[in-house]
Amino acid sequence: NGVPRGRRCSDRVRGRESKVMQGRVILRAAFAAMVAVVLLASSCEAIYAKDSAVKTLSDTSIKKLLKKDGVYLVEFFAPWCGHCKALKPEYEKLAKAMKGVSTVAAIDVDTNKEAASKHGIKGLPTIKAFSVTNGKVDFEEEYKGERTAKALSNFGMKAAKNAIDFRLGTKKKGGSRDKQRERSAPPPPPPSASGAFYENDKHVVTVDSKNFQKTVKDKKSREDHWMVEFYAPWCGHCKALKPEYEKLAKAMKGVSTVAAIDVDTNKEAA
(Lines give C-alpha, C1' and ligand atoms only; values in the text may rest on other atoms or scores of the structure.)
Protein backbone atom coordinates (compact mmCIF):
# COMPACT_ATOMS: atom_id res chain seq x y z
CA ASN A 1 0.00 0.00 0.00
CA GLY A 2 3.09 2.21 -0.24
CA VAL A 3 3.23 2.99 3.55
CA PRO A 4 6.45 1.85 5.22
CA ARG A 5 6.00 -0.91 7.78
CA GLY A 6 7.60 1.09 10.62
CA ARG A 7 5.21 3.97 10.08
CA ARG A 8 2.21 1.64 10.15
CA CYS A 9 3.39 0.26 13.53
CA SER A 10 3.86 3.72 15.03
CA ASP A 11 0.37 4.76 13.85
CA ARG A 12 -1.10 1.72 15.58
CA VAL A 13 0.76 2.54 18.80
CA ARG A 14 -0.46 6.14 18.70
CA GLY A 15 -4.00 4.91 18.08
CA ARG A 16 -3.85 2.63 21.08
CA GLU A 17 -2.38 5.40 23.25
CA SER A 18 -5.15 7.73 22.13
CA LYS A 19 -7.82 5.18 23.10
CA VAL A 20 -6.14 4.65 26.48
CA MET A 21 -6.09 8.42 27.08
CA GLN A 22 -9.75 8.70 26.10
CA GLY A 23 -10.57 5.87 28.49
CA ARG A 24 -8.71 7.62 31.30
CA VAL A 25 -10.53 10.89 30.60
CA ILE A 26 -13.89 9.08 30.69
CA LEU A 27 -12.98 7.33 33.96
CA ARG A 28 -11.89 10.62 35.54
CA ALA A 29 -15.11 12.33 34.44
CA ALA A 30 -17.18 9.44 35.79
CA PHE A 31 -15.29 9.53 39.12
CA ALA A 32 -15.75 13.30 39.39
CA ALA A 33 -19.47 12.90 38.69
CA MET A 34 -19.76 10.22 41.40
CA VAL A 35 -17.96 12.46 43.91
CA ALA A 36 -20.27 15.34 43.00
CA VAL A 37 -23.33 13.14 43.50
CA VAL A 38 -22.04 11.94 46.89
CA LEU A 39 -21.28 15.49 48.01
CA LEU A 40 -24.67 16.70 46.83
CA ALA A 41 -26.41 13.85 48.61
CA SER A 42 -24.51 14.53 51.82
CA SER A 43 -25.29 18.25 51.67
CA CYS A 44 -28.97 17.60 51.05
CA GLU A 45 -29.22 14.84 53.66
CA ALA A 46 -31.04 16.01 56.78
CA ILE A 47 -29.18 15.23 60.00
CA TYR A 48 -32.48 14.71 61.83
CA ALA A 49 -35.05 12.22 60.51
CA LYS A 50 -38.71 13.11 60.07
CA ASP A 51 -39.67 11.02 63.10
CA SER A 52 -36.98 12.61 65.30
CA ALA A 53 -37.97 14.44 68.49
CA VAL A 54 -35.99 17.37 67.07
CA LYS A 55 -38.27 19.64 65.04
CA THR A 56 -36.74 20.58 61.66
CA LEU A 57 -37.19 24.23 60.66
CA SER A 58 -36.83 26.33 57.52
CA ASP A 59 -36.56 30.07 56.79
CA THR A 60 -40.36 30.19 56.67
CA SER A 61 -41.23 27.95 59.61
CA ILE A 62 -38.79 29.57 62.07
CA LYS A 63 -40.54 32.91 61.49
CA LYS A 64 -43.90 31.31 62.31
CA LEU A 65 -42.46 29.51 65.34
CA LEU A 66 -41.03 32.72 66.81
CA LYS A 67 -44.47 34.35 66.69
CA LYS A 68 -46.02 31.64 68.86
CA ASP A 69 -45.72 31.99 72.65
CA GLY A 70 -43.28 29.51 74.17
CA VAL A 71 -39.65 28.72 74.90
CA TYR A 72 -37.55 27.27 72.08
CA LEU A 73 -34.08 25.82 71.71
CA VAL A 74 -32.80 26.01 68.13
CA GLU A 75 -29.62 24.50 66.71
CA PHE A 76 -28.17 26.13 63.60
CA PHE A 77 -26.21 23.43 61.76
CA ALA A 78 -24.85 22.21 58.42
CA PRO A 79 -25.00 18.55 57.29
CA TRP A 80 -21.27 18.48 56.45
CA CYS A 81 -20.19 19.90 59.84
CA GLY A 82 -18.34 17.30 61.95
CA HIS A 83 -19.18 19.00 65.27
CA CYS A 84 -22.87 19.08 64.27
CA LYS A 85 -22.82 15.35 63.54
CA ALA A 86 -21.10 14.70 66.88
CA LEU A 87 -23.79 16.74 68.68
CA LYS A 88 -26.71 14.86 67.07
CA PRO A 89 -27.17 12.00 69.62
CA GLU A 90 -26.97 14.37 72.60
CA TYR A 91 -29.32 16.87 70.97
CA GLU A 92 -31.86 14.13 70.26
CA LYS A 93 -31.64 13.02 73.92
CA LEU A 94 -32.30 16.63 74.90
CA ALA A 95 -35.33 16.87 72.61
CA LYS A 96 -36.90 13.77 74.19
CA ALA A 97 -36.15 14.97 77.72
CA MET A 98 -37.53 18.49 77.11
CA LYS A 99 -40.72 17.29 75.40
CA GLY A 100 -43.67 19.16 76.89
CA VAL A 101 -41.36 21.74 78.51
CA SER A 102 -39.65 23.38 75.56
CA THR A 103 -39.57 22.83 71.80
CA VAL A 104 -36.16 21.61 70.62
CA ALA A 105 -35.55 22.38 66.95
CA ALA A 106 -32.82 22.58 64.31
CA ILE A 107 -32.30 24.47 61.06
CA ASP A 108 -29.85 23.79 58.21
CA VAL A 109 -28.00 27.04 57.51
CA ASP A 110 -26.82 25.81 54.09
CA THR A 111 -30.35 25.78 52.72
CA ASN A 112 -31.76 28.48 55.04
CA LYS A 113 -29.30 31.35 54.77
CA GLU A 114 -31.88 34.03 55.64
CA ALA A 115 -32.37 32.65 59.17
CA ALA A 116 -28.60 32.25 59.64
CA SER A 117 -28.03 35.87 58.65
CA LYS A 118 -30.89 37.25 60.74
CA HIS A 119 -29.72 35.50 63.91
CA GLY A 120 -26.03 36.32 63.41
CA ILE A 121 -24.72 32.77 63.02
CA LYS A 122 -20.92 32.81 62.73
CA GLY A 123 -19.95 29.30 63.81
CA LEU A 124 -21.39 25.78 63.74
CA PRO A 125 -23.17 24.38 65.54
CA THR A 126 -24.76 27.39 67.24
CA ILE A 127 -27.56 26.75 69.76
CA LYS A 128 -29.86 29.56 70.83
CA ALA A 129 -32.73 29.86 73.30
CA PHE A 130 -35.72 32.02 72.37
CA SER A 131 -38.57 33.17 74.60
CA VAL A 132 -41.73 34.43 72.87
CA THR A 133 -44.52 36.30 74.67
CA ASN A 134 -47.55 37.82 72.98
CA GLY A 135 -46.07 36.96 69.58
CA LYS A 136 -42.78 38.79 70.20
CA VAL A 137 -39.32 37.53 71.17
CA ASP A 138 -38.50 38.50 74.79
CA PHE A 139 -34.91 37.40 74.56
CA GLU A 140 -32.51 35.43 72.38
CA GLU A 141 -29.54 33.83 74.13
CA GLU A 142 -26.64 31.84 72.66
CA TYR A 143 -25.42 28.69 74.41
CA LYS A 144 -21.69 28.59 75.26
CA GLY A 145 -21.35 25.43 77.40
CA GLU A 146 -20.67 21.73 76.96
CA ARG A 147 -22.45 19.94 74.14
CA THR A 148 -24.13 17.31 76.31
CA ALA A 149 -27.83 16.63 76.86
CA LYS A 150 -27.49 17.36 80.60
CA ALA A 151 -25.70 20.69 80.15
CA LEU A 152 -28.09 21.74 77.39
CA SER A 153 -31.12 20.80 79.51
CA ASN A 154 -29.84 23.10 82.28
CA PHE A 155 -29.58 25.88 79.70
CA GLY A 156 -33.12 25.12 78.48
CA MET A 157 -34.59 25.15 82.00
CA LYS A 158 -32.80 28.42 82.76
CA ALA A 159 -34.30 29.91 79.58
CA ALA A 160 -37.77 28.73 80.66
CA LYS A 161 -37.25 30.27 84.12
CA ASN A 162 -36.13 33.56 82.54
CA ALA A 163 -39.21 33.54 80.31
CA ILE A 164 -41.48 33.06 83.33
CA ASP A 165 -39.67 35.84 85.22
CA PHE A 166 -40.20 38.21 82.28
CA ARG A 167 -43.90 37.40 82.21
CA LEU A 168 -44.33 37.72 85.97
CA GLY A 169 -42.57 41.07 85.91
CA THR A 170 -39.68 40.04 88.16
CA LYS A 171 -37.25 40.43 85.25
CA LYS A 172 -38.20 43.09 82.73
CA LYS A 173 -36.58 44.77 79.75
CA GLY A 174 -38.69 47.90 79.89
CA GLY A 175 -37.51 49.08 83.33
CA SER A 176 -39.29 52.02 84.94
CA ARG A 177 -42.10 52.21 82.37
CA ASP A 178 -43.17 48.64 83.10
CA LYS A 179 -42.98 49.21 86.86
CA GLN A 180 -45.08 52.38 86.55
CA ARG A 181 -47.62 50.52 84.41
CA GLU A 182 -47.69 47.72 86.98
CA ARG A 183 -48.30 50.17 89.87
CA SER A 184 -51.08 51.96 88.00
CA ALA A 185 -52.86 48.74 86.98
CA PRO A 186 -56.30 48.33 88.62
CA PRO A 187 -56.63 45.64 91.32
CA PRO A 188 -58.01 42.29 90.13
CA PRO A 189 -61.79 41.81 90.50
CA PRO A 190 -62.93 39.81 93.53
CA PRO A 191 -63.36 36.09 92.77
CA SER A 192 -66.80 34.73 92.14
CA ALA A 193 -68.44 32.75 94.93
CA SER A 194 -69.92 30.41 92.34
CA GLY A 195 -68.35 27.20 91.03
CA ALA A 196 -67.10 29.02 87.90
CA PHE A 197 -64.08 30.36 89.77
CA TYR A 198 -61.89 30.97 86.72
CA GLU A 199 -64.56 31.35 84.04
CA ASN A 200 -63.27 34.78 82.96
CA ASP A 201 -59.62 33.75 82.77
CA LYS A 202 -58.46 32.41 79.40
CA HIS A 203 -55.12 31.15 80.73
CA VAL A 204 -56.36 28.85 83.52
CA VAL A 205 -57.83 25.67 82.06
CA THR A 206 -60.90 24.46 83.95
CA VAL A 207 -61.15 20.68 84.24
CA ASP A 208 -63.75 18.41 85.85
CA SER A 209 -64.19 14.76 86.86
CA LYS A 210 -65.27 13.77 83.36
CA ASN A 211 -62.28 15.14 81.44
CA PHE A 212 -59.59 15.04 84.16
CA GLN A 213 -58.37 11.55 83.30
CA LYS A 214 -58.33 12.21 79.55
CA THR A 215 -56.78 15.69 79.56
CA VAL A 216 -54.40 15.58 82.52
CA LYS A 217 -53.49 12.00 83.45
CA ASP A 218 -53.61 10.15 80.13
CA LYS A 219 -49.94 10.05 79.10
CA LYS A 220 -50.73 8.01 75.98
CA SER A 221 -52.43 10.94 74.31
CA ARG A 222 -50.14 13.75 75.54
CA GLU A 223 -46.61 14.39 76.76
CA ASP A 224 -47.02 17.91 78.14
CA HIS A 225 -46.85 19.06 81.77
CA TRP A 226 -49.79 20.16 83.92
CA MET A 227 -50.08 22.12 87.15
CA VAL A 228 -53.52 21.65 88.73
CA GLU A 229 -55.07 23.55 91.63
CA PHE A 230 -57.73 21.67 93.63
CA TYR A 231 -59.91 24.40 95.13
CA ALA A 232 -63.32 25.20 96.60
CA PRO A 233 -65.09 28.47 95.66
CA TRP A 234 -65.89 29.23 99.32
CA CYS A 235 -62.29 28.69 100.53
CA GLY A 236 -60.62 31.92 101.74
CA HIS A 237 -57.13 30.70 100.89
CA CYS A 238 -58.30 29.74 97.39
CA LYS A 239 -59.75 33.22 96.88
CA ALA A 240 -56.50 34.81 98.08
CA LEU A 241 -54.50 32.58 95.71
CA LYS A 242 -56.65 33.31 92.64
CA PRO A 243 -54.96 36.52 91.33
CA GLU A 244 -51.47 35.03 91.78
CA TYR A 245 -52.53 31.74 90.16
CA GLU A 246 -53.90 33.66 87.17
CA LYS A 247 -50.58 35.52 86.86
CA LEU A 248 -48.78 32.17 86.98
CA ALA A 249 -51.00 30.71 84.25
CA LYS A 250 -50.25 33.64 81.97
CA ALA A 251 -46.50 33.44 82.68
CA MET A 252 -46.35 29.67 82.11
CA LYS A 253 -48.01 29.83 78.69
CA GLY A 254 -46.04 27.66 76.30
CA VAL A 255 -44.08 26.07 79.16
CA SER A 256 -46.71 24.22 81.19
CA THR A 257 -50.52 24.03 81.24
CA VAL A 258 -52.03 25.58 84.39
CA ALA A 259 -55.45 24.22 85.34
CA ALA A 260 -57.95 24.19 88.20
CA ILE A 261 -60.70 21.85 89.41
CA ASP A 262 -63.55 22.59 91.83
CA VAL A 263 -63.53 19.80 94.44
CA ASP A 264 -67.04 20.68 95.63
CA THR A 265 -68.59 19.67 92.32
CA ASN A 266 -65.93 17.13 91.35
CA LYS A 267 -65.48 14.97 94.44
CA GLU A 268 -64.40 11.96 92.39
CA ALA A 269 -61.28 13.75 91.13
CA ALA A 270 -60.51 15.05 94.62
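**Ground rules**

I number residues from 1 along each chain as its sequence is written, and side-chain values use heavy atoms, with hydrogens and water left out. As the model is predicted, local features need pLDDT of at least 70 and side-chain atom pairs count only at pLDDT 80 or more, while totals for chains, interfaces and linings use all residues.

**Overview**

I started with the secondary structure and found eight helices and eight strands. These are DSSP runs numbered from the N terminus, helices being H or I with at least four residues and strands E with at least two. The protein has 270 residues, of which 36% count as buried. Buried means under 20% relative accessible area, exposed over 50%, and partly exposed in between (1.4 Å probe, protein chains only). Next I looked up contacts, meaning heavy atoms within 4.5 Å. Among those between residues at least 6 apart in sequence, 72% join residues at least 24 apart.

**Aromatic pairs**

I then turned to the rings and noted six aromatic pairs. Rings of Phe, Tyr and Trp (its six-membered ring) pair if their centres lie within 6.5 Å; planes under 30 degrees apart count as stacked, over 60 as edge-to-face and the rest as tilted. Y198 and Y231 have ring centres 5.7 Å apart and planes at 90 degrees, so I logged the pair as edge-to-face. Y198 sits in the loop between helix 6 (176-184) and strand 6 (205-206) and Y231 in strand 7 (residues 226-231), so this pair ties together parts 33 residues apart in sequence.

Y198 also pairs with Y245: the ring centres are 5.9 Å apart and the planes stand at 50 degrees, so that pair is tilted. This pair again links distant parts of the chain, as Y245 belongs to helix 8 (residues 236-251), 47 residues from Y198. Are these tyrosines buried or exposed? Y198 and Y231 are both buried, with Y198 at 2% relative accessibility. Y245 is buried too, with a relative accessible area of 6%.

**The cluster around Y48**

Elsewhere, ring pairs join Y48, F77 and Y91 into a cluster. I placed Y48 in the loop between helix 1 (5-44) and strand 1 (55-57), where it is buried with a relative accessible area of 3%. Not counting residues up to four places away in sequence, Y48 touches V54, T56, E75, F77, K88, Y91, E92 and A106. I also checked Y48 against P89: they are 41 residues apart along the chain, and their C-alpha atoms are separated by 9.8 Å.

**The second largest pocket**

Rolling a probe the size of a water molecule over the atoms shows where empty space is left. On a 1 Å grid over the protein atoms alone, a pocket is an open set of points where a 1.4 Å probe fits, with protein on both sides within 12 Å along at least five of seven lines; lining residues have an atom within 4 Å of a point. Grid points are joined across faces, edges and corners, and a volume is the space filled by probe spheres set on the points.

How much space lies in the second largest pocket? I noted about 510 Å³. It has 27 lining residues, and the closest to its centre are G100, V101, S102, T103 and G254. Strand 2 (70-77), strand 3 (103-108) and strand 8 (257-262) each supply at least two lining residues, and strand 2 gives the largest share, with three. Domain 1 (55-168) and domain 2 (205-262) each contribute at least three; the domain bounds come from an automatic or database domain assignment.

V216 is in helix 7 (residues 209-217) and, at 11% relative accessibility, counts as buried. Leaving aside neighbours within four places in sequence, I found V216 in contact with V207, N211, W226 and V228. T206, in strand 6, touches Y198, N211 and A260, again not counting residues up to four places away in sequence.

A cis peptide bond joins L124 and P125, with omega about -10 degrees. P125 is in the loop between helix 4 (113-118) and strand 4 (126-133). Lastly, N134 has a positive phi of about 55 degrees although it is not a glycine. I found N134 in the loop between strand 4 and strand 5 (136-142), exposed with a relative accessible area of 63%.
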